[in-house]
Each structure stands twice: as C-alpha cells, then as structure tokens.
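Please look over the model below before reading on.

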Amino acid sequence: MSGSRGLVLVVEDERHIADVQRLYLTREGFGVHVESDGAAGLAAARRMRPVAIVLDIGLPGLDGIAFCRALRDAGDWTPVLLVTARGEEADRILGLELGADDYLTKPFSPRELVARVKTVLRRADGPPGAPGAPVGGIGRISVDPVTRTVQRDGEPVELTATEFNLLAHLLRHPGQVFAREQLLAQVWGYAGYRDTRMVDVFVSQLRAKLGDASPIRTVRGVGYSATAPDPNPTQDSDAHADAAPGPAVDPGP
C-alpha cells in the first residue's frame, strides 16, 4: 500500500506492536510496509526507497544497530526513527552516533510515533528558520541551504538531515548561545522534551565530521554556540579564557 504521504518502512519483530504502528501511520496517510527481521528490512529499504524507517533495535539476526550502520555506510540517508527498550541506552546512543535521526523508548504512544515520524520528515525537508535567513558559512566551513550541502576547506562533508539542520541553525545565529532545551525545540521541534543528551550526541557527531574546522563551542552550564575557530590558539589564551568570569567556552571533545 502506498499513501499520499509516502511509504514508511516498519522493521519490528513483535507482531502486535507492528500492527499498531501500521494502523496509526496508515490513518495519517502513510503507506506502510512491515518486515520482522533486520536482513529483510534492509533489503526492503534498498528496494522500496521509503520516506522514513521505523526501526526496532532488538531485531533477530541483523539487529537495528547493524542495520543502521549498513544503511549509512551505503550512503542511504533515509530518516531513521529507532525504537528501543528502556534498558538499551548504550545502543540508543550508538544508533544516534551511526546516523539515526531520533528514537522512541518502549512503551510509547502510537500517536507520539506518528508525530515523531512527521517531525523527522519535516527536518529532512529543511529547518524552519527565518524566511530567507542566509547560511553562508563560518571559518573553513561553508553551508548551502538550497542544496543542503556542507564543505570543509572546499571538500564535501556528508551530514544527516538532523546534523545539517543543527549546524545551519547555529550558523544562522553566530555567537548566540542556545540551551539544549532551545535546540530541541527549534531544531527537533520537541518543546518541553527532557532528554537533552540527544543534542550532545549530535554535536559530538558534527565535531567528529568537521574536525578542527568545527565552529561549535560549548558554553559550560548553558549550551552551544557557533563561532569561528581561533586560527592561532595558544596556551596563554586558553588559560585566560578558563580564568575569565562568567560562562567558560570549551571547544568540546
């Protein structure tokens, strides 16, 4: 079945959960295809090219972590919503680090599942931002909001939709410090969402991909901002920054 909103691939080995996911997504106009194991799900993702994937981590055979790794290694950046059990925090974080876009913890409301799928699809279409807000770049990083591409020193950098949106949002407001809760609301669209660790994971991923050209700075006890990296850092200036009053800026890991 194909719906007007596009096809969502559900990879879930618990039949009753998959049936509920299919029911609620179908009601919202999505087409839904269900697979019950990871290998079949990965084959379906490659064959059907869904608009989004709802992926259980605890799958038989090829689990959700290996599924996500194989998908991203193949250059497939289809939005992925992980579904995890409460005791799978380490796997959940690893899944985000491998390129998943969001996660839900069982048990969850099927209405929340639908809302999350809609949100990851909106993020894949681009950040809301201010109309016409320019995103050119900062330091050695350049960003094209039309083609949704990023370059470091003229070389392309592959980002997920969420990573791109987070970077673009920070660059639209250079020097402004955003609390994690603000970023969850403005980039993810989750007002009042309490699990702010997801922001830290995506910032860490951006820093890893952008290397020493990363403009993202941690303001201790507050959040994150984007500023051009110091081209000639010195131990003296670092020590002075640590000794200065007010929030200290840490380039992070």
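1. Basis. This is a predicted model, in which local features need pLDDT of at least 70, side-chain atom pairs count only at pLDDT 80 or more, and totals for chains, interfaces and linings use all residues. Residues are numbered from 1 along each chain as its sequence is written, and side-chain values use heavy atoms, with hydrogens and water left out.

2. Helix α4. Helices (H or I, at least four residues) and strands (E, at least two) are DSSP runs, numbered from the N terminus. Helix α4 spans residues 89-97, and R92, I93, G95 and L96 in it are buried. Buried means under 20% relative accessible area, exposed means over 50%, and partly exposed lies in between (1.4 Å probe, protein chains only). Viewed down the axis of α4, the buried residues fall within an arc of 155°, so they line one face of the helix. That arc is taken from the directions from the helix axis to the C-beta atoms.

3. Around α4. What covers its buried residues? The cover includes helices α3 (64-73) and α8 (197-210), along with strands β4 (80-84) and β5 (102-105). Just after α4, G99 has a positive phi of about 120°.

4. Salt bridges overall. The structure has 13 of them. A salt bridge here is a side-chain nitrogen of Lys or Arg within 4 Å of a carboxyl oxygen of Asp or Glu.

5. K106 and E14. These two form a salt bridge, with their closest N and O atoms 3.1 Å apart. The pair links distant parts of the chain, 92 residues apart: K106 sits in the loop between β5 and α5 (110-125), E14 in the loop between β1 (7-11) and α1 (15-27). K106 counts as buried, at 16% relative accessibility. E14 counts as partly exposed, at 31%. Both belong to a salt-bridge network that links E12, E14, D56 and K106.

6. R15 and D19. Their closest N and O atoms are 3.2 Å apart, in a salt bridge. Both residues lie in helix α1, four residues apart, about one turn of the helix. R15 counts as exposed at 64% relative accessibility. D19 is partly exposed at 34%.

7. R140 and D153. This salt bridge brings the closest N and O atoms to 2.8 Å apart. R140 is in the loop between β6 (137-138) and β7 (141-144), and D153 is in the loop between β8 (149-152) and β9 (155-157), 13 residues apart. R140 is partly exposed, with a relative accessible area of 39%. D153 is also partly exposed, at 45%.

Methods:
Contact means heavy atoms within 4.5 Å.
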